[in-house]
Amino acid sequence: MYDFSKLRAAVLAGRAPDATAAARDALAAAVDPVEMVTAAIGPAMDEVGRLYEAGEYFVPELLLSARATKEVFQLIRPLLAQRGAKPTGRVVLGTVQGDLHDIGKNLVAAMLEGSGFEVIDLGVNVAPQKFVAAITEKQAQIVGLSALLTTTMPAMKTTLEALRAAGIRDRVKVIIGGAPVTPAFARSIGADAYGENAAVAVDLARRLVAP
Amino acid sequence: MPARSTSPAAPPAAPPPAPLTSETCDPLPLTPRREDIYRCLGYARRAAPPADVAREIDRVVAEALPHLQPRGTYSLYPLDGPTEHSLAIGGLVLEGNIGEFLHGATRVAVFVATAGGAITRRADERCRAGDAFAGWVLDAIGSWAAEAAAEALLARLDPHLQPDEGRTLPYSPGYCGMELAEQRKLFRLMRADAAGVALLPSLLMEPLKSVSGLVGLGPRALVRTDLTPCDRCPLVGCHMRR
């Protein structure tokens with residue numbers, strides 16, 4: 001088995017140039033890029049998430065590791081596609097209508113991409129129908145809704161109602177998050193999950209797409 | 001042709017009362033210390049990132065500084081005896097526990113401070129260009145700068161204090177003590193436009209990195225100078241809990 005220790009260490013340390021160099025070395029050694037994901041990148045990002053939950057890593061470390069894996073994925077994605085490998089899952093993300101905050105959503109997007117998800121980021125102030133259209137067009141398995149104001153949280157409920165009206169609610173899992181959002185609120189509007197932070201959101205996403 | 005309404009039009013809102021004094025500061029002095037930056041990035045007190053992470057952070061901090069435009073304004077009013085559940089400033093009544101937080105105060109300053117819009121635009125640019133790390137750090141620095149601008153602005157109240165007086169902590173709408181909707185009343189009580197800050201219909205402030213609120217001034221023996229909104233807030237799991 002190929003020694004992925006350099007690649008794992010570079011991802012863990014958030015050193016993007018070293019991660020890309022290690023990935024190139026592996027490809028030059030005819031390593032299957034799928035194995036690179038399952039044996040190196042995935043376990044490294046799992047460890048990053050564990051260190052964050054343990055309070056040893058903070059958001060900057062998360063993002064540097066996610067940047068490292070994103071650059072590796074940019075290198076190997078065409079090769080993965082050639083082998084018929086699919087992304088871990090397809091996620092539509094957006095900040096709900098009336099809200100302009102996007103940094104938390106961007107953090108989740110970076111972590112999801114670093115974990116092999118395909119992310120369709122709709123940006124901020126996203127109308128419910130735009131979520132519906134994106135989920136339908138991209139056949140997303142998950143939609144993530146972000147709100148950072150108590151006054152914009154109701155738009156999460158409105159968005160879920162739009163999914164139901166469009167007849168696609170059963171086809172997609174809904175994760176909601178943002179500073180004022182709570183698990184109780186998530187339950188009250190019928191969301192599938194509440195994402196307390198980006199690391200938790202990735203873990204939730206993986207479980208929600210698992211067969 | 002639609003029928004003409006016969007109900008009387010609502011009377012226009014009474015103009016806000018004249019403040020005792022107002023001040024606008026542009027720019028406000030900011031002194032970023034490394035430990036403040038690390039704290040705004042989520043590092044625990046006295047914790048520091050590893051050397052290579054610190055180097056990456058330092059690069060973005062250097063990028064952020066020219067994009068900060070700290071400024072602010074306040075208006076000072078006499079206070080009409082706050083109750084536990086409300087606070088009257090001139091003719092305007094603010095609902096909520098804010099009355100408890102400002103108990104003992106004889107004057108109240110209504111303020112808004114901002115880091116300016118450029119830092120948010122820069123953060124957005126970096127995110128759109130695919131660098132979530134730089135975007136996030138820039139955004140966090142913008143949040144720090146808004147709070148630091150508010151601290152620098154509120155220090156300008158100190159010359160208004162008598163020797164035996166103190167000031168409360170600042171209290172902002174949307175946190176324990178004042179519903180976010182009360183923001184509209186705050187904005188009627190000051191010239192936020194003088195500091196370049198506008199209130200959107202969603203109650204977001206523009207620029208995004210802005211802080212508004214109230215500070216009470218009064219006898220040190222009576223005002224609470226250490227009562228935080230967290231002391232009365234039921235959200236025990238909030239990541240911003242002090």
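At what angle do the axes of helix 5 and helix 9 of chain A cross, and within what distance do they come?

**Entry 1: two helices of chain A**

I opened the notebook with this pair, keeping in mind that the whole model is predicted. The axes of helix 5 (residues 103–114) and helix 9 (residues 198–209) of chain A cross at roughly 50° and come within 9 Å. Since angles from 65 to 115 degrees count as roughly perpendicular and those under 35 as roughly parallel, I noted helix 5 of chain A as oblique to helix 9 of chain A. The crossing of helix 5 of chain A past helix 9 of chain A is right-handed. I then listed the residues in contact: helix 5 of chain A gives Leu107(A), Val108(A), Met111(A) and Leu112(A), while helix 9 of chain A gives Ala198(A), Ala199(A), Ala201(A), Val202(A) and Ala205(A). By class this contact holds nine nonpolar residues, with no polar and no charged ones.

**Entry 2: positive phi in chain A**

I looked up two residues of chain A for their backbone angles. Asn125(A) has phi near 55°, a positive value in a residue other than glycine, and its place is in the loop between strand 2 (118–121) and helix 6 (128–138) of chain A. I found 18 other C-beta atoms within 10 Å of Asn125(A), which is therefore partly exposed. Gln139(A), another residue other than glycine, also has a positive phi, near 50°, and sits in the loop between helix 6 and strand 3 (142–146) of chain A. With 10 C-beta neighbours inside 10 Å, Gln139(A) counts as exposed.

**Entry 3: the sheet of chain B**

In what order do the strands of the open five-stranded sheet of chain B stand? I read the order as 1-2-5-9-6, with antiparallel pairing. Strand 1 (21–25) and strand 6 (165–167) of chain B are at the edges, and each has a single partner strand, so one side of each is left without a neighbour in the sheet. From one strand to the next the twist averages 15°.

I followed strand 5 (residues 107–114) of chain B through its pairings. Strand 2 (residues 71–78) of chain B runs antiparallel to strand 5 of chain B, joined by eight bridges, and Leu76(B) stands opposite Ala109(B). With strand 9 (residues 210–219) of chain B, strand 5 of chain B again pairs in the antiparallel sense over eight bridges, and here Ala113(B) faces Val211(B). Strand 9 of chain B also pairs with strand 6 of chain B, antiparallel and over three bridges, where Gly166(B) stands opposite Gly218(B).

Are the residues of strand 5 of chain B buried or exposed? Eight of its eight residues are buried. Arg107(B), Ala109(B), Phe111(B) and Ala113(B) point one way, whereas Val108(B), Val110(B), Val112(B) and Thr114(B) point the other way. Helix 5 of chain B lies across strand 1, strand 2, strand 5 and strand 9 of chain B, and runs at about 140° to strand 5 of chain B.

**Entry 4: prolines of chain B**

I checked omega at two prolines. The peptide bond between Asp26(B) and Pro27(B) is cis, with omega about 5°, and Pro27(B) is found in the loop between strand 1 and helix 1 (34–40) of chain B. A cis bond also runs from Glu206(B) to Pro207(B), with omega near 5°, in which Pro207(B) belongs to the loop between strand 8 (205–206) and strand 9 of chain B.

**Entry 5: where the chains meet**

I finished at the interface, where 22 residues of chain B are in contact with 21 residues of chain A. Helix 2 (51–64), helix 4 (118–128) and helix 5 (132–154) of chain B each give two or more residues to the side of chain B that touches chain A, and the largest share, six residues, comes from helix 5 of chain B. The residues of that side divide into 15 nonpolar, four polar and three charged.

I then looked at helix 4 (residues 59–82) of chain A, which packs against helix 5 of chain B at an angle of about 160°, their axes 8 Å apart. As angles over 145 degrees count as roughly antiparallel, helix 4 of chain A is roughly antiparallel to helix 5 of chain B. Among the residues making the contact I noted Leu63(A), Leu64(A) and Arg67(A) of helix 4 of chain A, together with Phe133(B) and Trp136(B) of helix 5 of chain B.

Note on methods:
Residues numbered from 1 in each chain as written. Chains lettered and ligands numbered in written order. Predicted model: local features only at pLDDT ≥ 70, side-chain atom pairs only at ≥ 80, totals over all residues. Contact = placed C-beta atoms within 7 Å. Helix = DSSP H or I, 4+ residues; strand = E, 2+ residues; numbered from the N terminus. Nonpolar A, V, L, I, M, F, W, Y, C, P; charged D, E, K, R; others polar. Buried ≥ 20, exposed ≤ 12 C-beta atoms within 10 Å, placed from the backbone. Pairing = 2+ DSSP bridges. Axes fitted to C-alpha atoms, helices over the stretch in contact; angles between N-to-C directions. Left-handed = near helix turned anticlockwise from the far one by under 90°.
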